Amino acid sequence: MSSQSQDPIRDPASEVVRAALARPEAGGRMSIVAPNRWPWPPLITGGAAVVAVVLSWIWTPHSLTSGAFAVGVLLVALALGLDLWAMLEMRRRRANILPHRPATALVSTGPFAWSRNPIYLANALLLLGLGGLLDNAWFLIAAPIAALATDTLAIRREERHLALLFGADWVLYSGRVRRWCGRRRRHGAVHPLA
C-alpha cells in the first residue's frame, strides 16, 4: 500500500470521491443531487413503531421491570430534546433537513459535534423510550433493527453524498466525529466513510 492510500487526509477530496463512487447501491444510483429517492429514516422509525404495536396485540411478552416507565420517560425526553436541538442547529446553518433531498451545508456544530447523525440517534432512543413508556418489549427489539436499517438504507448513502459535495471538509469532520455517537482520538488517519 502506498503512503497516500493509508492517509486520506493527504488527498482528501479525490480519496473520498473515489471511495464514494466505488460503492454501488441497491435500489438506484447514487447522485450528487440527492442521496436517496425516499425519506427512509422517518419511514423506518414509524414502521418500527407500528410493527412493535401490532406485535404486542398478537403476543405480549412479559412486563418490563418496574423502573422501565421512568427510564422510558427519560429516553423519550432525551430523544425529543436531541431531535429538536439538531433540527434547530440545521436551521441555523441553513441546512436541508429532508433525508431524500440534497445537502445544502455540512453541519458540524451543536449535537453534530458529537454525532454525525443525531436525529437518527434520537429516533433510536425514542423507540427504546417508547418501549419503557408503553411496557412493550417489542420496541426494544425494533430499535436496533430500525437503527441498522437506517444505517444501511440512509446513512451510508448520505455519507457518500456528503463526501461528493464537501470533499476535504467531510474527511476532516468524519475523522473527528463518529457515525452514531462520540468523538475520535486523532492517532492517525481514519477512513472517511467509517
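Me: What should I know about the numbering and the kind of model before reading the values?
Reply: Residues are numbered from 1 along each chain as its sequence is written, and side-chain values use heavy atoms, with hydrogens and water left out. This is a predicted model, in which local features need pLDDT of at least 70 and side-chain atom pairs count only at pLDDT 80 or more, while totals for chains, interfaces and linings use all residues.

Me: How do you know what confidence the predictor has in the protein chain, and where is pLDDT under 50?
Reply: pLDDT is the predictor's confidence in each residue, on a scale from 0 to 100. Its mean over the protein chain is 84, and 78% of the residues reach 70 or more. Over residues 1-14, however, pLDDT stays under 50, and the model has 20 contacts (heavy atoms within 4.5 Å) for them beyond four places in sequence. Residues 24-30 also have pLDDT below 50, with 13 contacts in the model beyond near neighbours in sequence.

Me: What makes up the secondary structure of the protein chain?
Reply: Helices are DSSP runs of H or I with at least four residues, strands are runs of E with at least two, and both are numbered from the N terminus. The protein chain has six helices and zero strands, which gives the pattern α-α-α-α-α-α along the sequence.

Me: Why is the pair Glu159 and Arg116 called a salt bridge?
Reply: A salt bridge is a side-chain nitrogen of Lys or Arg within 4 Å of a carboxyl oxygen of Asp or Glu. The N to O distance between the side chains of Glu159 and Arg116 is 2.7 Å, so the pair meets that definition.

Me: What other salt bridges does the structure hold?
Reply: The structure holds five salt bridges. Among them is the pair of Arg179 and Glu159, whose closest N and O atoms are 2.8 Å apart; Arg179 lies in the segment after α6 and Glu159 in helix α6, so the pair ties together parts that are 20 residues apart in sequence. The side chains of Asp151 and Arg156 also meet in a salt bridge, at 2.7 Å from N to O, and Glu89, Arg92 and Arg93 are linked in a network of salt bridges.

Me: How do you know whether Asp151 is buried or exposed, and what does Arg156 count as?
Reply: Buried means under 20% relative accessible area, exposed means over 50%, and partly exposed lies in between (1.4 Å probe, protein chains only). Asp151 has 8% and is therefore buried, whereas Arg156, at 29%, counts as partly exposed. Glu159 is buried at 3%, and Arg179 counts as buried at 9%. Of the 194 residues of the protein chain, 43% count as buried.

Me: What makes Tyr120 count as it does, and which residues does Tyr120 touch?
Reply: Tyr120 lies in helix α5 and, at 11% relative accessibility, counts as buried. Leaving aside residues up to four places away in sequence, Tyr120 touches Pro41, Pro99, Thr150, Ile155, Glu158 and Trp180. Tyr120 and Ile155 are 35 residues apart in sequence, and their C-alpha atoms are 8.8 Å apart in space.
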